[in-house]
Amino acid sequence: MASTTNDTSKTEHEAAGTDETDAPGPEMVLWTRRPVCGPRTEVIDRLSALAAREEIGGFSVETWPDELAISEHTEHGSVVEQFKEFLLWADEHDRSITPPFERRTVSPLIGQSRDVLTLPIMCLAVYEDGDLRGVYPHSDGGETVSVTNYLDDCESDDGVTVPGDS
């Protein structure tokens with residue numbers, strides 16, 4: 001896997017022989033903290049297998065920091081925007097993404113208080129035709145649907161489902 005020094009780096013994993021314009025299924029983005037190891041590499045392997053079988057249109061891996069300050073001047077503006085997109089999706093679909101996303105105010109002894117966002121170890125975003133269709137993990141009432149739960153469903157006999165499909 002390619003490694004860069006930017007916490008919002010992107011590593012593309014193209015489906016073998018698959019042209020994104022002819023994507024057979026949804027596109028997925030795995031957001032993860034560094035280092036990318038352990039269970040995170042298992043998820044990448046599972047996504048690679050789905051892409052190789054052309055059950056998904058492809059996927060990419062993005063990294064983000066453990067936490068970040070939410071402000072107009074953050075160096076992680078794209079991550080803050082992604083979080084806002086995830087919040088909007090959750091609100092529109094009567095889901096919750098807190099936890100694993102946790103927002104809190106930090107009040108240092110000296111200086112101003114600031115809002116801090118703690119990011120999950122991994123999060124899977126599912127897109128169809130460029131539209132966000134699912135965020136994992138999320139809670140639906142009392143039930144939490146994790147990244148691995150969603151991938152288990154994708155690997156079942158029913159195959160990959162796009163969230164929201166009937």
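Start by selecting helix H2 (residues 77–92) and showing its buried side chains: they pack against E2, strand E4 (67–69), strand E6 (114–118), E7, E8 and strand E9 (138–140). Packing here is judged by contact, meaning heavy atoms within 4.5 Å. The helices (H or I, at least four residues) and strands (E, at least two) are DSSP runs, numbered from the N terminus.

A word on what you're looking at: this is a predicted model, where local features need pLDDT of at least 70 and side-chain atom pairs count only at pLDDT 80 or more, while totals for chains, interfaces and linings use all residues. Residues are numbered from 1 along each chain as its sequence is written, and side-chain values use heavy atoms, with hydrogens and water left out.

Which residues of H2 are buried? Pick out Val79, Val80, Gln82, Phe83, Phe86, Trp89 and Ala90; buried means under 20% relative accessible area, exposed over 50%, and partly exposed in between (1.4 Å probe, protein chains only). With 16 residues, H2 spans 23 Å from its first C-alpha to its last, close to the 22 Å expected at 1.5 Å a residue; that expectation is 1.5 Å times one less than the number of residues.

Next, jump to helix H3 (residues 147–154) and colour Val147, Tyr150, Leu151 and Cys154, its buried residues. Look down the axis: they cover an arc of only 95°, so they sit on the same side of H3. The arc is taken from the directions from the helix axis to the C-beta atoms. An α-helix has 3.6 residues a turn, so residues three or four places apart point the same way. Show the neighbours too: the buried residues of H3 pack against strand E2 (27–32), helix H1 (39–52), strand E7 (122–128), strand E8 (131–136) and strand E10 (143–145).

Now select Arg46, over in helix H1. Is Arg46 buried or exposed? It counts as buried, because its relative accessibility is 18%. Leaving aside residues up to four places away in sequence, Arg46 touches Thr148, Leu151, Asp152 and Glu155.

Cys154 counts as buried at 0% relative accessibility, whereas Cys37 counts as partly exposed at 35%. Searching the whole structure turns up zero disulfides (a pair of cysteine sulfur atoms within 2.5 Å).

Finally, zoom out: the protein chain has three helices and ten strands, and 42% of its 166 residues count as buried.

Definitions and conventions. A disulfide is a pair of cysteine sulfur atoms within 2.5 Å.
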